[in-house]
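Keep the view open beside you and look at each place as you read.

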Amino acid sequence: MEAVELEIPARAEFVALARLVVSSVALSRRELADDRIDDLKLAVSEACTNAIESHAAIDLEERVTVRCEERDDRLEVLVEDRGTGFDPMSLPEHPPVTDPERLNFERGLGIPLIRSLVDEVNFETSDAGTAVRLTIYCGPAEPQ
Amino acid sequence: MELGLDVSEQNGKAVLSVRGEVDVYTAPRLRERLVELVAQGKHQIVVDLEGVDFLDSTGLGVLVGGLKRLRSHDGDLTLVCTQPRILKVFEITGLTKVFAIHDSVDAAVAAD
């Protein structure tokens with residue numbers, strides 16, 4: 001298995017770098033259409049944003065790790081933070097989009113987006129932080 | 001990372017053309033610009049997303065906040081977007097039912 005690991009400072013300006021690295025790795029994969037690369041890029045952006053915000057919430061200077069693992073039949077991206085964690089199953093539900101109250105909710109769209117965009121998502125949260133594993137199925141890397 | 005924000009006026013509406021990537025780093029600038037426009041009395045705003053390469057939930061949140069702010073002034077915020085990759089983000093989140101999304105700036109400024 002090939003892996004590319006990136007550690008980014010937990011600051012907003014570095015989320016674009018994480019997107020760039022992950023999409024570069026994804027571009028080398030066979031059978032991965034451009035729109036699926038866009039899906040992965042967006043999911044990574046959402047996961048990194050959550051990670052950075054979880055560090056900011058407790059003034060934590062530590063870096064966020066983004067690891068791309070290339071397997072034969074899939075690409076996995078692991079985003080790890082050292083924040084206080086959260087329960088992905090207990091997110092507040094937004095009112096229906098037709099309800100005017102919906103406009104009171106500017107946040108909370110990231111996790112539903114991640115769930116829709118990738119083939120599998122796994123959240124592991126503990127006192128040590130949160131690890132989000134994003135999986136997208138595709139062929140192996142192009143031969144060099 | 002640059003975020004281009006240009007404002008013009010057409011048919012009595014403010015047209016805010018956005019270029020670049022809208023994410024957690026750049027979205028605050030978009031929010032500030034929208035707040036400024038509302039403070040200047042621009043209550044009909046068209047946000048042109050045709051030059052946007054990337055938009056995540058932070059950007060969506062700013063647009064939802066802008067719409068809320070404008071509705072409180074009896075105004076409206078409408079969008080111009082034809083790019084499938086950007087439209088998809090609105091579709092997944094159901095926000096295509098919240099925003100009027102037009103194919104061109106001309107169509108957006110002509111709409112009631």
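1. A:Glu53 counts as partly exposed because it has 17 C-beta neighbours inside 10 Å. On this scale a residue is buried if 20 or more other C-beta atoms lie within 10 Å of its own, exposed if 12 or fewer, and partly exposed in between, with C-beta atoms placed from the backbone.

2. Before going further, a word on the source: this is a predicted model, in which local features need pLDDT of at least 70 and side-chain atom pairs count only at pLDDT 80 or more, while totals for chains, interfaces and linings use all residues. Residues are numbered from 1 along each chain as its sequence is written, and chains are lettered from A and ligands numbered from 1 in the order in which they are written.

3. From A:Glu53, look across to A:Asp99: the two are 46 residues apart along the chain, and their C-alpha atoms are separated by 28 Å. A:Asp99 belongs to the loop between β3 (74-80) and α3 of chain A. It counts as exposed, because it has 11 C-beta neighbours inside 10 Å. A separation of 47 Å lies between the C-alpha atoms of A:Asp99 and A:Glu2, which are 97 residues apart along the chain.

4. Compare A:Glu70, in strand β2 (residues 64-70) of chain A. With 18 C-beta neighbours inside 10 Å, A:Glu70 is partly exposed.

5. Now to the helix pairs of chain A. Helix α1 (residues 15-27) packs with helix α2 (residues 34-57) at an angle of about 150°, their axes 9 Å apart. Axes are lines fitted to C-alpha atoms, for helices over the stretch in contact, and angles run from 0 to 180 degrees between N-to-C directions. The crossing of α1(A) and α2(A) is right-handed; a crossing has that name if the near helix is turned clockwise from the far one by less than a right angle, and is left-handed if anticlockwise. Among the residues that meet are A:Val22 and A:Ala26 from α1(A) and A:Leu40 and A:Val44 from α2(A).

6. Which helix pairs with α2(A) in a left-handed crossing? It is α3(A). The axes of α2(A) and helix α3 (residues 110-117) of chain A are 9 Å apart, at an angle of about 150°. The two helices are therefore roughly antiparallel, a label for angles over 145 degrees, with under 35 called roughly parallel, 65 to 115 roughly perpendicular and the rest oblique. The contact includes A:Leu42 and A:Ala43 of α2(A), and A:Leu113 and A:Ile114 of α3(A).

7. The largest nonpolar core has 67 residues, and A:Leu40, A:Val44, A:Cys48 and A:Leu134 have the most contacts inside it. Such a core is a set of buried Ala, Val, Leu, Ile, Met, Phe, Trp, Tyr and Cys residues joined through C-beta atoms within 7 Å. Helix α2(A) gives the most to this core, with nine residues. Beyond its neighbours within four places in sequence, A:Leu40 is in contact with A:Val22, A:Ala26, A:Val77, A:Val118, A:Leu134 and A:Ile136; contact requires C-beta atoms, placed from the backbone, within 7 Å.

8. Where the chains meet, 22 residues of chain A are in contact with 22 residues of chain B. Helix α2(A) supplies the largest share of chain A's side, seven residues.

9. In chain B, the axes of helix α1 (residues 27-39) and α2(B) come within 9 Å and cross at roughly 10°. These helices are therefore roughly parallel.

10. Finally, two loop residues of chain B deserve a look. B:Asn11 is not a glycine, but has a positive phi of about 55°; its place is the loop between β1 (3-10) and β2 (13-22) of chain B. B:Asp74, likewise a residue other than glycine, has a positive phi near 60° and lies in the loop between α2 (57-71) and β4 (76-80) of chain B. B:Asp74 counts as exposed because it has 8 C-beta neighbours inside 10 Å.

Notes: Helix = DSSP H or I, 4+ residues; strand = E, 2+ residues; numbered from the N terminus. Contact = placed C-beta atoms within 7 Å.
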